[in-house]
Amino acid sequence: MNSRFKDLRARVYYLYNSEEPAAEGYRVSLICIDVGSILFFLATSFLPSTPAILAVDFFLGLLFLAEILARFWISRRKITFFFKFGAITDLVVIASLLLAPIVTENFAFLRVLRALRLLRSHHTITELRSKSRFFAQNEEILHSIVNLVVFIFVCTALVYVLQVKQNPSINNYIDALYFTVATLTTTGFGDITLVGDYGHFLAVLIMIFGISLFVRLAQTVFRPAKVHYECPVCGLLRHEPDAVHCKHCGEVLHIETEGA
């Protein structure tokens, strides 16, 4: 029996760490599941819960639970495994999925955190770099886009949770998203405002911290793409892809390109 468990553990370890085609195919399938689940979570955030949606939630919860237990099984540092950001995010997502039929719908937004788990996964990023030239060339922009989307949806969810039963102007996620985007972009139409002490406090937080973070993330998405290359003299890390000299100190750079 012990030998069977050892063989099974070795097989699971192989799937997560080997560079052979079968293991790479397994990890690519996990990427596809992660991306599909994120799209599903974002889409269903604006829909009322139905038996079909709850069934898919529960199935994904079981799937994610099996996957995180597999990673825990092959981990060499089991004591600290569940203290990592990715593991904590996974547990929150799994709990929100498995408990979806009995917990309030207001907390369904926690599933969006799966996007952060996808973005921070070492294996996911490694596989995408090796499989997609587009991802390798635009990794930072794609990181910023996902962070920006998750940030907007988390702010939207907070507005929805705190206002849906108190504010007659906010009846669904669309209303909360509309207010959040209008506030973060400093448009401020004024047709929807937050009510109550908690609503006013949340609005203050969004205006003080949210706007600055939103602008920061938006800048990383829309600013001209640069490459990471450390200048050997001054240490400047970001340069234009075709830069010959460092803009800070003038040192000659040797940035690798695809060539002719």
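A salt bridge, as the term is used in this presentation, is a side-chain nitrogen of Lys or Arg within 4 Å of a carboxyl oxygen of Asp or Glu. With that rule, arginine 71 forms a salt bridge with aspartate 90, and the closest N and O atoms are 2.5 Å apart. I shall return to this pair after an overview.

The structure before you is a predicted model, in which local features need pLDDT of at least 70, side-chain atom pairs count only at pLDDT 80 or more, and totals for chains, interfaces and linings use all residues. Residues are numbered from 1 along each chain as its sequence is written, and side-chain values use heavy atoms, with hydrogens and water left out.

Let me begin with the overall architecture. The protein chain comprises eleven helices and two strands; here helices (H or I, at least four residues) and strands (E, at least two) are DSSP runs, numbered from the N terminus. In order from the N terminus, the elements run α-α-α-α-α-α-α-α-α-α-α-β-β. Of the 260 residues in the protein chain, 38% are buried, where buried means under 20% relative accessible area, exposed means over 50%, and partly exposed lies in between (1.4 Å probe, protein chains only). Among contacts in the protein chain with a separation of 6 or more, 52% join residues 24 or more positions apart.

Two packed helices are described by the angle between their axes and the distance between the axes. The axes are lines fitted to C-alpha atoms, for helices over the stretch in contact, and angles run from 0 to 180 degrees between N-to-C directions. Angles under 35 degrees count as roughly parallel, over 145 as roughly antiparallel, 65 to 115 as roughly perpendicular, and the rest as oblique.

How do the axes of helix 1 and helix 2 cross, and within what distance do they come? The axes of helix 1 (residues 2-17) and helix 2 (residues 21-44) cross at roughly 75° and come within 7 Å. Helix 1 is therefore roughly perpendicular to helix 2. On the helix 1 side, the contact involves Tyr14, Leu15, Tyr16 and Asn17, which meet Ala22, Ala23, Tyr26, Arg27 and Leu30 in helix 2. By class, these residues comprise seven nonpolar, one polar and one charged, with Ala, Val, Leu, Ile, Met, Phe, Trp, Tyr, Cys and Pro counted as nonpolar, Asp, Glu, Lys and Arg as charged, and the others, Gly among them, as polar.

Serine 18 belongs to the loop between these two helices. Is serine 18 buried or exposed? Serine 18 counts as buried because its relative accessibility is 13%. Apart from neighbours within four places in sequence, serine 18 is in contact with Tyr13, Ala23 and Arg27.

Helix 2 itself has 24 residues and spans 34 Å from its first C-alpha to its last, close to the 34 Å expected; the expected span is 1.5 Å times one less than the number of residues. Its buried residues include Ala23, Arg27 and Leu30.

Helix 1 also packs against helix 3, with axes that come within 9 Å and cross at roughly 105°. These two helices are therefore roughly perpendicular to each other as well. Phe5, Leu8, Arg9, Val12, Tyr13, Tyr16 and Asn17 in helix 1 meet Glu67, Ala70, Arg71, Trp73 and Ile74 in helix 3. This contact has eight nonpolar, one polar and three charged residues.

That brings us back to the salt bridges, of which the count is two. Which residue forms a salt bridge with glutamate 67? The partner is arginine 71, with the closest N and O atoms 2.9 Å apart. Both residues lie in helix 3 (residues 51-74), four residues apart, about one turn of the helix. Glutamate 67 has a relative accessible area of 9% and is therefore buried; arginine 71, at 15%, counts as buried too.

The other bridge is the pair with which I opened, arginine 71 and aspartate 90. This pair links distant parts of the chain, with arginine 71 in helix 3 and aspartate 90 in helix 5 (residues 85-98), 19 residues apart. Both arginine 71 and aspartate 90 are buried. Through shared partners, salt bridges join Glu67, Arg71 and Asp90 into one network.

Technical notes. Contact = heavy atoms within 4.5 Å.
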